[in-house]
Amino acid sequence: MLNLPGYKIIEHIYEYENMVFYRGYSLTDGSPVVVKTLMDSKITSDEIFRLLHEYEFSRKLDIDGIVRILDMNYIGNFLAIVMEDHSAIPLREYMKGRKIDLEQVLDIGIQITKILSLIHQQVLDQIYQNKNV
């Protein structure tokens with residue numbers, strides 16, 4: 001199991017493509033966390049850069065519906081992103097083996113669209129503040 005300073009990892013919860021997700025809690029305040037890291041066999045400089053970019057981009061977002069990034073740690077050659085844990089499950093997992101009616105599809109689509117709109121707005125605000133335009 002993953003050994004991450006400042007956190008107690010209690011379970012492996014999910015794997016997707018080249019990422020592994022663990023559930024645990026902070027040893028400081030007991031708050032639940034999810035830790036995201038790369039699989040051993042998939043570590044390349046491109047993958048590390050992608051994870052670093054995700055951390056840098058996501059930690060600046062303050063949007064309901066987006067999991068908040070709490071920390072980033074190096075564990076030897078590993079990079080781990082620590083996020084809030086709301087016991088959520090990925091949409092693809094939620095949809096497995098379920099029939100979803102049109103009203104649910106539209107509701108999920110509207111929620112995703114609103115979140116993407118807020119992300120877009122915050123990114124544009126950062127660009128304008130930095131006078132990069």
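Predicted model: local features only at pLDDT ≥ 70, side-chain atom pairs only at ≥ 80, totals over all residues.
A nonpolar patch lies on the surface. Leu91, Met95, Ile112 and Leu116 form this patch. Together they present about 340 Å² of accessible area. Two helices contribute: α2 (91-95) and α3 (102-129) each supply at least two of the patch residues. Ile112 is located in helix α3. Its relative accessible area is 39%, so Ile112 is classed as partly exposed.

Lys36 presents a contrasting setting. This residue sits in strand β3, which spans residues 32-38. Lys36 is buried, because its relative accessible area is 11%, below the 20% limit for that class. The Lys36 side chain makes a polar contact with the side chain of Glu54, at 2.7 Å. Beyond residues up to four places away in sequence, Lys36 touches Met19, Val20, Phe21, Leu51, Glu54, Leu79, Ala80, Ile81 and Met83.

Backbone geometry was examined in two loops. Most residues other than glycine have a negative phi. Glu17 has a positive phi of about 50 degrees, although it is not a glycine. Glu17 falls in the loop between β1 (7-16) and β2 (19-26). Its relative accessibility is 59%, so Glu17 counts as exposed. Ser87 also has a positive phi, near 60 degrees, and is likewise a residue other than glycine. Ser87 is placed in the loop between β5 (78-84) and α2. With a relative accessible area of 57%, Ser87 is exposed.

How values were computed. Residues numbered from 1 in each chain as written. Heavy atoms only, no water. Patch = residues over 30% accessible without salt bridge, like charges linked within 9 Å, V, L, I, M, F, W, Y side chains within 5 Å. Areas by Shrake-Rupley, 256 points an atom, 1.4 Å probe, with all protein chains shown as cover. Salt bridge = Lys/Arg side-chain N within 4 Å of Asp/Glu carboxyl O. Helix = DSSP H or I, 4+ residues; strand = E, 2+ residues; numbered from the N terminus. Buried < 20%, exposed > 50% of the residue type's maximum accessible area, 1.4 Å probe, protein only. Polar contact = N/O pair within 3.5 Å; in protein donor to acceptor, adjacent residues only side chain to side chain. Contact = heavy atoms within 4.5 Å.
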